[in-house]
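Please examine the sequence and the model below before turning to the report.

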Amino acid sequence: MTTRYRVEYALKSHRRDQLIEWIKGLLAVPFVLHSQPTTIQQEDTSKLADVALDTHQRYAEIFADVEVDHELRGAAGKSKLRLLVPSVGTFFTRLYLKDAFNYQDQQRFISRRRFVAPSFNDVRLILNSAQLLGLVHTKGLDLVTFDGDVTLYDDGANLNADSPIIPRVLRLLRQGIKVGIVTAAGYTEAAKYYERLQGLLDVLHDTPDLTDEQRSALIVMGGESNYLFHYDPSSPHRLSYVPREKWVIGEMATWKEGDVTELLDIAESSLRACVANLNLPVSVLRKDRAVGVFPKDKGRLSREQLEETVLVVQNTVERSPVGSRLPFCAFNGCSPFFASHYLRYYPPRRKYEPPNQPCMLISVSQPGGNDVFVDIGDKSWGVRACQQYFGGIDPARTLHVGDQFLSAGANDFKARLASTTAWIASPAETVQLLDELDRVQKDLA
């Protein structure tokens, strides 16, 4: 008989980050012991600050303990953290988790909450802050790479000139930091990327205080790791294609076109089988280095359909001989973070409750992206190629910012192999992250 544990693992492991879940479990104990969730009316309000202080102290101690146990890249043996969380990756820098918690607690008032325990998002943002502190305090920052959809602009939208992200990107360039946009969008012509990034490219072109060297520090890597474009002021689209032989690195030069075709054939066959099995109202799109499905007539697919399709295709390709020879990325556009809207809900009235109960507002999740694609290569290769293009930037001096870091169906996940990372949920969070980075840099200076 299948146990509940196996069912939970099989159905939900791909939607969880094991390190974040483990830290949440550690924080749950002091939350229960210290929160004492009674209403303020029933309690002396003078005690609230004392309870919050005690809770903050315990949370901080936990993050300090995790901080000293994490393993740096290349360290001999296994750290205690790796023994407790076997799936955790290695780290390129030290993580200042206690300092990061202190900062985020000031922003989110985590230790003052009495009914809501530290959440996935709380821990995710603390890890982001710890990563920024690690970069600035131990190594410095030479390159920032960004995902496109949901990171720089809303899903399916474009980066317009009035976006608050643009002045932050220009600030990075003024500081001498290289910028790469590593996106799943796989176009072979600059015009398509110009359409998506026109606001940034035009503002970059028209900003007088930027030097030519600073402008040339912007590149676009498309199709995960397949097409590279550099900023070119003489081009009508502000971008020029960089021939593949000028930037491919290591194993990428040995990838055979026959293997590319074979892998995409297997992926396409698996996609078509899912379309038939799930009766999906989609069209199949085959490109030279990618294949995918997208809804017909601007329809929508459910999250379950997207996840089922991407997991089936990923499993099928992984089991094939060519899947072991050639890296690939199977992903769907459905971010784990959803834009929420609210519906009015009138709870059922019990006999002893007064009539005309006020309505409640309940959050309803609306999924983001709505397609499934398989690309040759992945973002670890894309980030590495950007590092190599700029002269060999170290992973410990690189930050990749993206919204999809779950273990399956998320194309930013593999970037963890090539650089430090920050997991954001929206373009607004990208703005907050870049402002926090600037604050940390100024504090160090």
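## Basis and confidence

This is a predicted model, in which local features need a pLDDT of at least 70 and side-chain atom pairs count only at pLDDT 80 or more, while totals for chains, interfaces and linings use all residues. Residues are numbered from 1 along each chain as its sequence is written, and side-chain values use heavy atoms, with hydrogens and water left out.

The pLDDT (the predictor's confidence in each residue, from 0 to 100) averages 84 over the chain, and 83% of the residues score at least 70. Residues 4-11 have a pLDDT below 50, and beyond near neighbours in sequence this stretch has 3 contacts in the model, a contact being heavy atoms within 4.5 Å. Residues 337-368 also have a pLDDT below 50, with 47 contacts beyond near neighbours in sequence.

## Nonpolar cores

A nonpolar core is a set of buried Ala, Val, Leu, Ile, Met, Phe, Trp, Tyr and Cys residues joined through side-chain atoms within 4.5 Å, where buried means under 20% relative accessible area with a 1.4 Å probe, protein chains only.

## Helix packing

Helix 7 (residues 165-174) and helix 14 (residues 427-444) pack at an angle of about 35°, with their axes 10 Å apart; axes are lines fitted to C-alpha atoms over the stretch in contact, and angles run from 0 to 180 degrees between N-to-C directions. Residues making the contact include Arg168 and Leu172 of helix 7 and Thr430 and Asp435 of helix 14.

The axes of helix 10 (residues 257-278) and helix 11 (residues 303-319) come within 9 Å and cross at roughly 145°. Among the residues in this contact are Leu263 and Ala267 of helix 10 and Val313 of helix 11.

## Val374 in strand 11

Val374 lies in strand 11 (residues 372-376) and counts as buried because its relative accessibility is 0%. Leaving aside neighbours within four places in sequence, Val374 is in contact with residues including Leu263, Ala267, Val313 and Phe328. The C-alpha atoms of Val374 and Ala290, 84 residues apart along the chain, are separated by 5.5 Å.

Conventions:
Helix = DSSP H or I, 4+ residues; strand = E, 2+ residues; numbered from the N terminus. Buried < 20%, exposed > 50% of the residue type's maximum accessible area, 1.4 Å probe, protein only.
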